[in-house]
Amino acid sequence: MTQPAIDIQAVHKSFRHNEVLRGMSLHVERGHTFAFLGRNGAGKTTTIQMLLGLLNRDEGSIRVLGLDPEKEPLALRAQVGYLAEDQTMYGWMKCGDILRFLAPFYPTWDHELALKYAKDFEVPLGQKIKHLSKGQNVRLGLVMALAHRPELVILDDPALGLDPIMRKQFNRDLITHLQGEGRTFFYSSHLLYEVEPVADVVAILKEGQIVRQAATEELRRDVKQIFLPREAVTALGKDASLLDTRPDGDEVAVTVEGAEEAIESLRRKGVEHRVVDLNLDEIFEAYVTGKVEGQETSAEEVVLTP
Amino acid sequence: MLLRIEKGSAVPISRQIIGQIAMLCASGKLEPGERLPSVRELARELAVNQNTILRVYERLVSDGLLEMRHGQGTFVAKDAPSSSLAVHRERLVEELRQLARQGISLGLSADQIHELLAKALEQLHTEDVRCSM
C-alpha cells in the first residue's frame, strides 16, 4: 500500500484553556483533491499550520508525505506548496522581484510556469506588493505556492480573494495541473458549491473533530432528507444515524446518514415517505448545526445560547 | 457538445452530466459514432473533477450509450438510439412519479393530475404551433 499524502491521528491542540482540536484524525490519499470544511473557528487553520510544522501539536501524530512536520519542517516545505489565509509578503518588493527572489529556494522552481500563472491570474508583475488589492495578493500567493510544481499543495481558503471568473480559471488550472498530473491538493473553503465539482473527498470538522470524511458523491448518496409520519421515525432502522429532525405538520423531516438502508427499511415496513436529495451546503449544515429532537443539546448550542 | 453544470443543485454533478449527454444522444444532437471530448478535455472545459467525468463515461458505456475504443477515445455507440430511449424513459418515469407525489400531497385526485398533464401538453402544443409560424 502506498503511503498517504497526509495522515493525522488523534491530534489534540489547545491554546491556553481553549481546546481547538480534540482527537482529530484524517487521512488524504495521494493524488486526491481533498476539501477540508468547517465553520470559522472550527480549527481548520490550526490544522493546516500543524501540517506545515508552523505550530506544534500537544498530542497525537502527523505525517505529511511520510515526514513529521515538527521534526523535518524544511525538507517538508520543499515538497509542499502552501498559501496561508492572510499571507504577508515583503511590501517593498515588486511582484516580479519576489518570484525571482523565491526561485533559488526551490530546486524544482519552474520560472516559466510562475510567469504563466502570473499572467493567468492577472498579477501585475511591475507593481509593489504593498499596493496590491486583497484579491491580487491572494493570486500572487497562489503563483508562489504552485510554481515549484509541488507534490502536495495546501491552501487555506484560496477562493477567498478570487472573483467568479478567476475561480473558474483557477479550478480549471487545478484540474489540469494538479489532478491531471496526479498531485495531491488539500484545501479549506467556505464555498461549498465551488468545492463539489472539484473535490474527490471532503471532510467536515466540527468542534475539533472530523464528523465525516467521505467521497463527495458517496456523501450525497448517503445523506438524505426523508419526510415521514412522526410516529414512524423508529422504522428508519438502527443503521440510520439521525443528523437533524424538524417537525413539519403531522410529518417530520429527518436528515439521515445511511440513507439507502433507511429507505430500504421504510419500504420493508410499508411506511409511506418522501426522499429529498440534498446539496452539499445542506449536508454540511446538517452535520454542523443539525439538531435531533429528544437528544441532549450539543456542546456548541450550550455555548451559543445565552 | 455544450453542457451546463448547475452548481449547488440537489442533483449531483455526475447525474447532471449523464442526463445531458443522454438527452443529446436521444435528440440526435450527438450522432452514433461521433467522438466525445476526452476525459481531460471535458473536465477542463466544465471545471469538474476528472474522476467524476471518468465515472460518467464509464456509466454511460455500461448503459450502452457510449463506447470506449482502446487508444482512440469515447464515441456515441452505434446502436445508441434504442438504448438511450430506454434510459431516458426510465428517468422520465421517475420524474413523473415525483410530480405525481407532489400533486397527491397538494390534495389533488388522480383525475385532476391527469387533467393538469393534459393541459401542460396542450400548452406545449400551442407554443410549438406559434414557434413554427
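Colleague: Hi! What should I know before I look?

Modeller: This is a predicted model, so local features need pLDDT of at least 70 and side-chain atom pairs count only at pLDDT 80 or more, while totals for chains, interfaces and linings use all residues. Residues are numbered from 1 along each chain as its sequence is written, and chains are lettered from A and ligands numbered from 1 in the order in which they are written.

Colleague: Thanks! How many helices and strands does chain B have?

Modeller: Chain B has 5 helices and 2 strands, in the order α-α-α-β-β-α-α along the sequence. Helices (H or I, at least four residues) and strands (E, at least two) are DSSP runs, numbered from the N terminus.

Colleague: And how much of chain B is buried?

Modeller: Of its 133 residues, 23% are buried, meaning that 20 or more other C-beta atoms, placed from the backbone, lie within 10 Å of the residue's own.

Colleague: Changing topic: how do β1 and β2 of chain A pair?

Modeller: Strand β1 (residues 6-15) and strand β2 (residues 18-28) of chain A pair in the antiparallel sense over 8 bridges; to count as paired, DSSP must find at least two bridges between the strands. One of the bridges joins A:S14 to A:E19 in β2(A). The two strands form a hairpin with 2 residues between them, and A:R16 in the turn has a positive phi of about 50°.

Colleague: Nice. What about α5 of chain A, how far does that helix reach?

Modeller: Helix α5 (residues 134-146) of chain A has 13 residues and reaches 19 Å from its first C-alpha to its last, close to the 18 Å expected. The expected span is 1.5 Å times one less than the number of residues.

Colleague: Which residues of α5(A) are buried, and what covers them?

Modeller: Buried residues in α5(A) include A:V138, A:L142 and A:V143. Their cover includes β5 (80-83), α3 (95-102), α4 (111-120) and β6 (152-156) of chain A.

Methods. Buried ≥ 20, exposed ≤ 12 C-beta atoms within 10 Å, placed from the backbone. Contact = placed C-beta atoms within 7 Å.
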